[in-house]
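Colleague: I would like a close look at a single part of this assembly. Please describe how that part is built, what holds it together and how it meets its neighbour.

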Amino acid sequence: MTEVTEELVYQRPESLTQVHTHYCPGCTHGTAHRLVGEVLDELNVRGRTIGIAPVGCSVLAYYYFDVDFAEAAHGRAPAMATGMKRTHPDKVIFTYQGDGDLAAIGTGEIVHAAGRGENITVIFINNAIYGMTGGQMAPTTLEDQKTSSSPLGRDVSIAGYPLRMCELLATLDGAAYISRQSLHDVRHIRRAKKAILTAFKTQMAGLGFSMVELLSTCSTNWKMDPVESLEWLRDNMIPYFPLGDFKVAEAVKEL
Amino acid sequence: MHQSIVVSGFGGQGALFAGQLLTYAAMDIGRQVTWIPSYGPEMRGGVARCTVIISDEEIGSPIVRNPDVVIVLNNPSMEKFREELKTGGVLVVNSSMINLPAERQDIRVFNIPGNDIARGMGDVRMTNMVLMGGMLAANPVVPLAAVEQALRDHLPERRKHLVEPNIQVLRRGYREVANY
Amino acid sequence: MARELWKGNEALAEAAVRAGVVAYFGYPITPQTELLEYLSLRMVRLGRTFLQAESELAAINMVYGVACTGVRVMTSSSSPGISLMQEGLSYIAASEVPVVLVDIMRGGPGLGNIQPSQGDYFQVTRSCGHGDFRPLVLAPATVQEGVDLVYEAFDLAEKYRTVVIVVADGNIGQMMEPAEMPPMRDISTEQPDWALVGADGRSHRIITSLFLSAEKLETLNLRLQAKVQRVRENEVRYREHRAEDADILMVGFGTMGRIAQTAADMARQKGIRAGVFRPVSLFPFPSAALETRSHQARRILVVEMSAGQMLEDVRLAVGKDYPVEFYGRMGGVIPLPDEVFDAVEKIHAEMCHD
Ligand SMILES: Cc1ncc(C[n+]2csc(CCOP(=O)(O)OP(=O)(O)O)c2C)c(N)n1
């Protein structure tokens, strides 16, 4: 008779609460939450972490993370994080922001937080749309992509071009680690987790500003089913928003 | 004449559209009307509900605590409105989806298997029209013909092919209650 | 033009189009977003300017820029977005350029919620930016009234070279009601004599809010105050419902005016003489008319979706000795007609005791 052993291979991270989320079916916010939760667990920093939630679909993220959390005004999370980290350098401070929050109304705050080299971590969810308000154009909406406020498709001669925030922020000397990853399949999700881990390690080593952009889906407002959404992300978003590391400071490489 | 009518269900059951159609019908025959959706976080949670007021006179409040008539399309709506419906009011129940009892003696209840009828007639998405037809038989707040006309007049061009099937379903719902 | 069923937000947008708005800038925020969404197609189809700004801060400054060129321009938002616009509004007021702003109010403070509220009364009538200025503030209660006020708002903004705010709670933005649209106006090609259009053949014009000399800045302020005085004299608007013989006079604006109307009818059925005074212009507040009406009534009941903000204007109008009661709900809770009726009945009972 062969011996049967049980091994626990998967469980809810301690850094997440045990509740149902309000996210729509097929939304990748849940995946992103989970990855951050796993990383906080692995780094064993749950007890000294403060998160800052944005205004957007993840406005209620504070219910899903079992870590201390504050709610920012729309776009201002990096400014709040700056204040927190400057006064509490021993804490692990992260913001979790959507593309409207980070790349539209909060562009000023994110640029300056990165420029100052604030020692914080930013998790940036790019779903190419304003989810919470019902599907308006985002700064990351692709050319010709239809949204409720670009009903004829994004016309770049009027609305301009989608912003590539990683490329933009990577030019700043204060940025220590900037990476773009995708949540559309398991292989990429694993890579995303590695990037999130590096970002938090960067902060913990005091090396400066870190951000991981996560390409994400919004089935509801893209008006696609979840599987189609993942494929649309892969086929349309990745060509415009290439994956990879855009800034890895020398000291980060040694982590 | 002054009447408040609530249509309530899950998103996708057509509660908002049914209410709008009634509003159009009443407006087109010269009544004063208001239509107001419940909006808010509820919207994402999947509840879709609207309040329609039809009156001969200028309408003050567009919202009410105890509506005169309610069409309930699902159990959560039933739970809420079997309590809130006015004494003597009319409750039109989508019995295909609702297994909760009305639990009140002081109201008039009409059970109509909306989903089953609509599915039988070709498309379950017309459930709202079955119930609307039934409501009009139980409570002739506007003539059935006015609602049929509103369908012809106000359905957007790309939906015009749905006018006839919807009228058939509306009539079927009406008969369901007329023969009650 | 026949009566058609319009959603409030879309009706306000169409009214602006018909008034000849040349440019719109805005940022999505519930419960105002349909206004922006509607214009995202309508303005483009008409070959006019629509741009979704990166924030309300940017939107109001885009508006400021266009207004300096003497062209009809507007923006819209909801409470938290209006907070962000305050800086721009102060500059616009000081520069005396005409701007129309629509505020579809939601519950606050803070991120609050997206339910209807009237908690911006102070913000729009008192404190929409630093310094001494008072925008003209109009508050519709129905979709039709909203259409008419937005249509007129552009004329008023130009007449007084001021900010005109049309303010409504989320209900009015979200509800559908029949409304008749005013005729489509041609876009004016007239250039006001202060507009920045290029100094071809003349010396330059400057629009600024910087006046380093205290006396010069005071002169600007005196001019703004004179404008406020003219607005007070000429732009008072209000409506009444069964107020002529009311013992208990309810005062409410926007949706609360309508709810009070229903409560008044309920009270009349019980033999209580109740009526409604509904300010339409919140600034200028119809103080004199209310004061006159208060002589004939015995009690005033102010009803609001707030902790009692307009209440202060009512008290100022009728004086500290007049018995003014208040009933309100906050946080996006709408006081329903039966609650307001209960408040009326309670006052009535007290009056019978006196
Ligand atoms: C000052 C201000 N303006 C507008 C809003 C309305 N608002 C809430 S969420 C949101 C957009 C969020 O989009 P994004 O950041 O892309 O996040 P998502 O919802 O897609 O996750 C907007 C415009 C607000 N809350 N505050």
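Predicted model: local features only at pLDDT ≥ 70, side-chain atom pairs only at ≥ 80, totals over all residues.

Modeller: The contact between chain C and chain B is made by 23 residues of chain C and 22 residues of chain B. On the chain C side, C:Arg3, C:Leu5 and C:Met176 supply 28% of the area that chain C buries against chain B, more than any other three residues. Two salt bridges are found across the interface of chain C and chain B. A salt bridge also joins the side chains of C:Glu339 and B:Arg65, at 2.8 Å from N to O.

Chain C is divided into domain 1, covering 4-234, and domain 2, covering 239-353. The C-alpha centres of domain 1 of chain C and domain 2 of chain C are 29 Å apart. Contact between the two involves 33 residues of domain 1 of chain C and 25 residues of domain 2 of chain C. About 2300 Å² is buried between domain 1 of chain C and domain 2 of chain C, and carbon and sulfur atoms give 55% of that area. In domain 1 of chain C, the residues that lose the most area to domain 2 of chain C are C:Gln118, C:Tyr121 and C:Phe122, which together make up 30% of what that side buries. Three salt bridges are counted between domain 1 of chain C and domain 2 of chain C. C:Glu145 and C:Arg278 also form a salt bridge, in which the closest N and O atoms are 2.8 Å apart.

In one of them, the side chains of C:Asp155 and C:Arg72 meet at 2.7 Å, N to O. This pair links distant parts of the chain, 83 residues apart: C:Asp155 is in helix α6 (residues 143-160) of chain C, and C:Arg72 is in the loop between α3 (56-68) and β4 (73-77) of chain C. C:Asp155 counts as partly exposed because its relative accessibility is 29%, whereas C:Arg72 counts as buried at 13% relative accessibility.

The other pair is C:Arg237 and C:Glu152, whose closest N and O atoms are 3.0 Å apart in a salt bridge. Here too distant parts of the chain are linked, with C:Arg237 in the loop between α8 (214-234) and β9 (238-241) of chain C and C:Glu152 in helix α6 of chain C, 85 residues apart. The relative accessibility of C:Arg237 is 17%, so C:Arg237 counts as buried. C:Glu152, at 28% relative accessibility, counts as partly exposed.

The peptide bond from C:Thr30 to C:Pro31 is cis, and its omega is near 5°. C:Pro31 is placed in the loop between β2 (23-26) and α2 of chain C. Another cis peptide bond runs from C:Gly108 to C:Pro109, with omega near 0°. C:Pro109 is found in the loop between β5 (99-105) and α5 (121-125) of chain C. C:Arg242, a residue other than glycine, has a positive phi, near 50°. C:Arg242 lies in the loop between β9 and β10 (248-251) of chain C, and with a relative accessible area of 35% C:Arg242 is partly exposed.

Helix α2 of chain C, which spans residues 33-45, contains C:Val44. At 30% relative accessibility, C:Val44 counts as partly exposed. On the surface, C:Val44 forms a nonpolar patch with A:Leu152 and A:Ile158, and together these residues have about 240 Å² of accessible area.

Taken over all chains, the count comes to 44 salt bridges. Among them is a pair in chain B, where the side chains of B:Arg171 and B:Glu148 meet at 2.8 Å, N to O. B:Arg171 is partly exposed, with a relative accessible area of 31%, while B:Glu148 counts as buried at 7% relative accessibility.

How values were computed: Residues numbered from 1 in each chain as written. Chains lettered and ligands numbered in written order. Heavy atoms only, no water. Patch = residues over 30% accessible without salt bridge, like charges linked within 9 Å, V, L, I, M, F, W, Y side chains within 5 Å. Areas by Shrake-Rupley, 256 points an atom, 1.4 Å probe, with all protein chains shown as cover. Salt bridge = Lys/Arg side-chain N within 4 Å of Asp/Glu carboxyl O. Helix = DSSP H or I, 4+ residues; strand = E, 2+ residues; numbered from the N terminus. Buried < 20%, exposed > 50% of the residue type's maximum accessible area, 1.4 Å probe, protein only. Domains from an automatic or database assignment. Contact = heavy atoms within 4.5 Å. Buried area = accessible area lost by both parts, 1.4 Å probe.
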